[in-house]
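Please look through the sequence and the model first, and then read the points below with both at hand.

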Amino acid sequence: MPAIALWITGLPGSGKSSLAEELGKRHPDFVILRMDELRRFVTPEPTYSDPEREIVYRSLVYLASVLVRLGHDVIIDATGNMRRWRELARKGIERFAEVYLKCPIETCIEREKNRLFTHGAPRDIYEKGRAGWPVPGMTVPYEEPINPEITIQTDKTPIPDALRLIEDLIKRLSS
């Protein structure tokens with residue numbers, strides 16, 4: 001059975017890394033690709049410019065597609081604010097699914113302000129966004145998925161219920 005790739009997308013603070021982390025515990029054979037970790041390696045001093053984002057996201061999609069071709073199941077933990085990057089993954093990975101974590105930006109801001117562990121993400125990004133930093137959903141666009149395989153409203157859905165929805169998706173993709 002060919003491997004699968006799930007892209008967990010949503011605004012910063014919507015719960016992507018938390019869900020990816022929990023899925024990784026349940027599926028230790030999955031490779032979790034975290035954009036924030038990749039970015040630190042590819043661009044040690046990131047500017048978050050549009051050309052830089054293009055390079056980093058295209059690199060992420062390429063890495064995911066290679067891993068899937070080699071038989072590894074993949075979880076992509078990345079905002080992926082431009083739809084074209086997620087569509088690039090959809091076109092290049094046969095068994096691909098998009099998991100959209102929909103969450104009001106006010107909730108994301110509050111979560112980001114109070115989180116203890118960032119999974120490699122820069123701290124205080126919404127504060128930086130207020131100062132002009134390019135932050136998806138604030139100062140740069142976040143293009144919502146058009147037809148994600150599942151949408152989870154993370155301000156209303158408890159983590160165990162969100163995990164069940166994603167587990168059902170994994171079972172559908174794996175059968």
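Is Tyr 48 buried or exposed? With a relative accessible area of 12%, Tyr 48 is buried, because buried here means under 20%. The model discussed here is predicted, and the points that follow are grouped by topic.

**The loop between H2 and H3**

- Tyr 48 is found in the loop that lies between H2 and H3, and Tyr 48 has a positive phi of about 60° although it is not a glycine.
- As background to that angle, most residues other than glycine have a negative phi.
- Thr 43 also lies in the loop between H2 and H3, and Thr 43 counts as buried because its relative accessibility is 13%.
- When residues up to four places away in sequence are not counted, Thr 43 touches Glu 52 and Val 56.

**The nonpolar cores**

- The largest nonpolar core has 21 residues, and those with the most contacts inside it are Trp 7, Tyr 57, Leu 60, Val 74, Ile 76, Ala 78 and Ile 93.
- Two or more residues of this core come from each of strand E1 (5-10), helix H2 (35-42), helix H3 (50-69), strand E3 (74-77) and helix H4 (83-92).
- Among these elements, H3 gives the most to this core, with 7 residues.
- A second, separate core has 19 residues, including Leu 23, Leu 101, Ile 150 and Leu 169.
- If its neighbours within four places in sequence are left aside, Ile 76 is in contact with Leu 6, Trp 7, Ile 8, Leu 33, Leu 60 and Ala 64.

**The buried side of H4**

- In H4, the residues Trp 85, Arg 86 and Ala 89 are buried.
- These residues are on the same side of H4, because they cover an arc of only 100° around the axis.
- As background, an α-helix has 3.6 residues a turn, so residues three or four places apart point the same way.
- The elements that cover the buried residues of H4 include E1, H3 and strand E4 (96-102).

**How the helices pack**

- H3 and H4 pack at an angle of about 20°, with their axes 10 Å apart.
- H3 and H4 are therefore roughly parallel to each other, since angles under 35 degrees count as roughly parallel, and the crossing of H3 and H4 is right-handed.
- On the H3 side, Arg 53, Glu 54, Tyr 57, Arg 58, Val 61 and Ser 65 meet Arg 84, Trp 85, Leu 88, Ala 89 and Gly 92 in H4.
- Helix H1 (residues 16-26) and helix H7 (residues 159-174) pack at an angle of about 60°, with their axes 11 Å apart.
- That angle makes H1 oblique to H7, and H1 passes H7 in a right-handed crossing.
- From H1, the residues Leu 19, Glu 22, Leu 23 and Arg 26 meet Ile 159, Ala 162, Leu 163, Ile 166, Glu 167 and Ile 170 in H7.

**The surroundings of Cys 108**

- Cys 108 is found in helix H5 (residues 105-114), and Cys 108 counts as buried because its relative accessibility is 0%.
- Although Cys 108 and Pro 12 are 96 residues apart along the chain, their C-alpha atoms are separated by 6.5 Å.
- Leaving aside its neighbours within four places in sequence, Cys 108 is in contact with Leu 11, Pro 12, Gly 13, Ser 14, Cys 103 and Tyr 126.

Notes: Residues numbered from 1 in each chain as written. Predicted model: local features only at pLDDT ≥ 70, side-chain atom pairs only at ≥ 80, totals over all residues. Heavy atoms only, no water. Core = buried A, V, L, I, M, F, W, Y, C linked by side-chain atoms within 4.5 Å. Buried < 20%, exposed > 50% of the residue type's maximum accessible area, 1.4 Å probe, protein only. Helix = DSSP H or I, 4+ residues; strand = E, 2+ residues; numbered from the N terminus. Contact = heavy atoms within 4.5 Å. Arc of directions from axis to C-beta. Axes fitted to C-alpha atoms, helices over the stretch in contact; angles between N-to-C directions. Parallel < 35°, antiparallel > 145°, perpendicular 65-115°, else oblique. Left-handed = near helix turned anticlockwise from the far one by under 90°.
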